Amino acid sequence: MKGWIIYDKKDAEKNIAFISRLTAELAKYDIEARLVFVENEPKKETPSFAINRSRDYKIAERLENKGVKVFNESTITKLSNDKRRMHKFFDGKVPQMKLVTDYPFVLKSVDGHGGNEVFMVNSREEEDKAILALGTKDYIKQEVCSDLGKDKRVYIVGNEVVSSILREADDFRSNYSLGGRATACELDEQEKEIVDKILKTISIDYAGIDLIYNNGEPVFNEIEDPVGARMLYENTDIDIVEIFVKYIVDNL
């Protein structure tokens, strides 16, 4: 059995350790997996399966149309990598910060990730600067939560919670890659309820669900696909790649 691990070239360079872990773990099951770049997809080839880490749902769709099992499937990749689409999809299903037009608000590109292309906007001048920085990219304006610099990432494999990490920072963005502090933690009942509602609505192979806090209450922020694993490896004894690969093997 031969599979693809799909990345765009830029992201692959930053994720060599994760790619190596995936290939090594799959090899334990006599499964060969090779790195494939979105930019030069071998369209004449058809793998046995694919792990899509590219944020490009179209490559997943092409493979699915050939009968290839893709982790995550294209519908999840398409939903989770467009913040406007994601907000609309979950509207009324789980608590979210509202989309607004009045200051202050958080302005985000719809396809940004890792805390990049996110701006706190308090005035017309700041809004103009943020929009200029995004160039031609689409964006949303979202109500500012009261509890800034704090969120919780919930790691999901096979539509089940594996672990969760509390992230805190002095900046309004709590991303670990931007210097946020990370601590392993449990979910409380309110958080479990939000995550359960999400997982009853969609099916996730491997991704993160991010919760933020408003007046002390958890609020759904976004789904991170493809989710990184560095926080887990540095703060817990959980081998998320081992768990993910076991799930892949069980579902091929």
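Start by selecting β8 and β9: the two form a hairpin with two residues between them. Zoom in on the turn, where Gly158 has a positive phi of about 60 degrees. Keep in mind as you click around that this is a predicted model.

β8 covers residues 150-157 and β9 covers residues 160-168; they run antiparallel, with eight bridges joining them.

Next, step over to β10. Five bridges tie β9 to β10, again antiparallel. Pick Arg167 and look across to Ala182 in β10, its bridge partner.

Which order do the strands take? Follow β10-β9-β8-β11-β12, five strands in an open sheet with antiparallel pairing. β10 (181-185) and β12 (217-224) are at the edges with a single partner strand each, so one side of each has no neighbour in the sheet. Turn the view and you'll see the twist, which averages 30 degrees from one strand to the next.

Last stop: the second largest pocket. Select Arg55, Asp56, Tyr57, Lys58, Lys78, Asn81, Asp82, Arg85, Val110 and Asp111 to bring up its lining. How do the lining residues divide by type? Seven are charged, two nonpolar and one polar. The space in this second largest pocket comes to about 160 Å³.

Definitions and conventions
Residues are numbered from 1 along each chain as its sequence is written. This is a predicted model: local features need pLDDT of at least 70, side-chain atom pairs count only at pLDDT 80 or more; totals for chains, interfaces and linings use all residues. Side-chain values use heavy atoms; hydrogens and water are left out. On a 1 Å grid over the protein atoms alone, a cavity is a set of points where a 1.4 Å probe fits but cannot get out, and a pocket is an open set with protein on both sides within 12 Å along at least five of seven lines; lining residues have an atom within 4 Å of a point. Grid points are joined across faces, edges and corners, and a volume is the space filled by probe spheres set on the points. Ala, Val, Leu, Ile, Met, Phe, Trp, Tyr, Cys and Pro count as nonpolar, Asp, Glu, Lys and Arg as charged, and the others, Gly among them, as polar. Two strands pair if DSSP finds at least two bridges between them. Helices (H or I, at least four residues) and strands (E, at least two) are DSSP runs, numbered from the N terminus. Axes are lines fitted to C-alpha atoms, for helices over the stretch in contact, and angles run from 0 to 180 degrees between N-to-C directions.
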